[in-house]
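Here is a briefing on a protein model for a reader new to structures. Look through the sequence and the 3D view, then read the notes below.

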2 protein chains.
Amino acid sequence: MDFGVTMYGEIITIGDELTSGRTLNLNARYAAGRLTASGLKVNRITSVGDNYPMVAEALRRAIENSRFVIVTGGLGSTEDDRTSEIVAKALNRPLSLDEKMFRLIEKHVKAMGITLTPSLEKMAWMPDGSRLLSPEGRACGFCLVEKGVRFYFLPGVPEQMRYLLDKVVIPELLSFWQTQAVHWRILKVYGLSEPDLAEIFRDIESKSGEVVLGFYPHFPEIHITLSMRGEDESTVSKELDRFESEVINLIGPYVFARGEQTLEEVVGELLRSHGLTLSLAESCTGGLIGHRITNVSGSSDYFQGGIICYSNAAKVNLLGVSSEMLQEHGAVSDPTARQMAEGVRKALKSDLGVSVTGIAGPTGGSKVKPVGTVFIGLANANEILARKYRFWGDREQVKLQSATMALDWVRRYVTNTPLLPGL
Amino acid sequence: MDFGVTMYGEIITIGDELTSGRTLNLNARYAAGRLTASGLKVNRITSVGDNYPMVAEALRRAIENSRFVIVTGGLGSTEDDRTSEIVAKALNRPLSLDEKMFRLIEKHVKAMGITLTPSLEKMAWMPDGSRLLSPEGRACGFCLVEKGVRFYFLPGVPEQMRYLLDKVVIPELLSFWQTQAVHWRILKVYGLSEPDLAEIFRDIESKSGEVVLGFYPHFPEIHITLSMRGEDESTVSKELDRFESEVINLIGPYVFARGEQTLEEVVGELLRSHGLTLSLAESCTGGLIGHRITNVSGSSDYFQGGIICYSNAAKVNLLGVSSEMLQEHGAVSDPTARQMAEGVRKALKSDLGVSVTGIAGPTGGSKVKPVGTVFIGLANANEILARKYRFWGDREQVKLQSATMALDWVRRYVTNTPLLPGL
């Protein structure tokens, strides 16, 4: 690929919170990843504080080196949001009131029942020659062209930045510069470690042809990308299909999703298509599984609800777990996981009941049951299963792994795939 | 503050994995945080790929703008580790063999029982006039001074970068430039928007003296920082105290935490110190509140558990919500929130019962009850309260705001602070 001729650019992120190390630059990473995936080359990422000399210098340098520039941050309504003003001065384009934006702000102010303050009005003032990026006002942000370089000014709020970048900026850039698109496949994997995968894939690179393999850990998942550049979509697609089959041959049961789908979305689709309902008995996960399940719109179709049985009393009173058994085996045990799963299935009259009980730490562990010991249970009308696992990491990591394992149990159970072996 | 005279500098991180968005720039954030905390000002962070023109441009620009420059990445033994070579060319200083480093590599090679390859030897070649940073060879890295600017070249491996930065680079910089440490306060706020705060704080800057005020949105919270430079800790501390009182005077009830504490930690401490137990009835939050509460170690002391009553059947069967009332008022209503709170308090035998029922969207809204309509309820032995709120945003944002509002209710209720007004 020759990037000398076309489609290279840079990212400038503005904010004292970045140069002081207070916050991670997630916006730059997101933008760089999305631009790269679209076949647009990012040559430089610069972070500067909210001050005139550094921002102005970065803008002027970008004009010399880039064809497009994504600038994020400093578009809000507070004192230190000064990007528009700085751009106006640096590029010698006086600020003028964008009527459209002003009306959108007025509308918003009315809807929220608040007053139109000068700081809110400020958001409607843009450097001369700017164009509003989201004409329906879903997010503030504008574009201007200076000496042939396309500048896109986006808000620092991640949701708004991502929305404008994906829906407006990248499509617009691609419409200007025809490029050899990069085609992607994503396979999401759970239950294999990075060294496991390295071992399994030791000889696969020789079969990859022009397909580039990438591994991206998203704890506790690993996302595998297959990417290939090419103009003829059907050739590229065939080649990606071929190599994807090679990968599936090696690790099929561990691949829980293709593309951008989350595990909870996959589980939801499976439950819906099999006409099954689910309920949860959560001890150490404390509600995390329910939270993930209900992040999916429409989950009320298959999710009945759950019981967060953090205390033993809750296990006994709400789930019918036997107090004698609890005394004998403890709350973190195989029989407790079984009785919880069966109890919640009956209490909520669902087809499947899933339970989690474990020691999230950092306290509460013992020699026999160290921190990270977790039992998962599953009950349906015919059988009750439970297995013991051992997870590592801090409290939140143990909770996250437990929740992911429980969701993966549902996926594997519904698709007749063997459950991951326990201890 | 005048940073024009001393101690300002910048960070340059090198690696294609950064400009392509493959990895998060944790090194830049760490270095920026450590330098800032040491009273050294970071003016700019630049990330460029492993290629000559961009790295050379960044180095030359640093000479014009900075007093010190931290460069990370590209010092390893692989093909794309080309920093030394690029620096040599860009600064016109031929590479020469560092005898000390060469002997350290020889020693390492012997100890590991491997062969001394050219790529390993490459690590001993440095630009003329460089000085090894770790004479005992714990990490490779070197320093050179060009036109009065101190350049520190550190490896990209985080452990090695951090070790050299903390043990060698920062102490050395501080020995050259006597500097004033920065002292921080953080106040975390919920219930005020950024425009609200801008309006309330319109005149406060005149009272801030040398204290610098910063606003950092962490949806749905806003974190306010007060920072001040100074040598005499007690003077600085008094000044920060004074200004903090000014801020508290204006927005006291909205400040839910000072420092790094989370809302769920604050709520946990309050429940513990007041000897109260809590249970939850979660509908639209789906378990998120329980998840957050149980992210705090030791939460079993005050958290009894909860019921995720996603279906109406769950509300009726597990919480004793009346089906006639549900038919009349709907699941998202004031009486439902009250019955849920009271029901879960009784079912789990806790002092406080808190409930959330609402429409998270994107579907399920109506004219009377649009998406984002949420009722919060709270019951204790003597009274039952409920209020209606309206949140904006997507499904996850509505859930997050609902959970934060519910936790803030507990904080306000336990501390006798008026609840945030409802609709």
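How many residue pairs are in polar contact between chain A and chain B? The count is 30 residue pairs, with both residues at pLDDT 80 or more. The model is a predicted one.

**Interface between the chains**

- On the side of chain A that touches chain B, strand β2 (residues 41-48) of chain A gives the most, with seven residues.
- The rule finds four salt bridges across the interface of chain A and chain B.
- Arg44(A) forms a salt bridge with Glu57(B), and the closest N and O atoms are 3.0 Å apart.
- In terms of contacts, 71 residues of chain A meet 71 residues of chain B.
- The size of an interface is often given as the accessible area lost when the parts come together.
- Here chain A and chain B bury about 5,700 Å² between them, and 55% of it is on carbon and sulfur atoms.
- Of the area that chain A buries against chain B, 12% is supplied by Arg22(A), Leu24(A) and Tyr310(A), more than by any other three residues.

**Cysteines**

- The structure holds zero disulfides over all chains.
- A disulfide needs two cysteine sulfur atoms within 2.5 Å.
- In chain A, the cysteine sulfur closest to that of Cys284(A) belongs to Cys309(A) and is 9.6 Å away, so it is too far for a bond.
- Cys284(A) counts as buried, because its relative accessibility is 4%.
- For Cys284(B), the closest cysteine sulfur is that of Cys309(B), at 9.6 Å, which is also too far for a bond.
- Cys284(B) is buried as well, at 4% relative accessibility.

**Backbone details**

- Most residues other than glycine have a negative phi, and most peptide bonds are trans.
- The peptide bond from Gly361(A) to Pro362(A) is cis, and Pro362(A) sits in the loop between β15 (352-358) and β16 (373-379) of chain A.
- A cis peptide bond also links Phe219(B) to Pro220(B), where Pro220(B) is in the loop between β10 (212-218) and β11 (221-229) of chain B.
- Lys349(B) is not a glycine, yet has a positive phi of about 50°.
- Lys349(B) lies in the loop between α14 (334-347) and β15 (352-358) of chain B and is exposed, at 61% relative accessibility.
- Asn416(B), also not a glycine, has a positive phi of about 60°.
- Asn416(B) is in the segment after α15 (395-414) of chain B and is exposed, with a relative accessible area of 73%.

Note on methods. Residues are numbered from 1 along each chain as its sequence is written. Chains are lettered from A and ligands numbered from 1 in the order in which they are written. This is a predicted model: local features need pLDDT of at least 70, side-chain atom pairs count only at pLDDT 80 or more; totals for chains, interfaces and linings use all residues. Side-chain values use heavy atoms; hydrogens and water are left out. Buried means under 20% relative accessible area, exposed over 50%, partly exposed in between (1.4 Å probe, protein chains only). Contact means heavy atoms within 4.5 Å. Buried area is the accessible area (1.4 Å probe) that two parts lose on being put together, summed over both. A salt bridge is a side-chain nitrogen of Lys or Arg within 4 Å of a carboxyl oxygen of Asp or Glu. A polar contact is a pair of N or O atoms within 3.5 Å; within protein, one must be able to donate a hydrogen and the other to accept it, and residues adjacent in sequence count only if both atoms are side-chain atoms. Helices (H or I, at least four residues) and strands (E, at least two) are DSSP runs, numbered from the N terminus.
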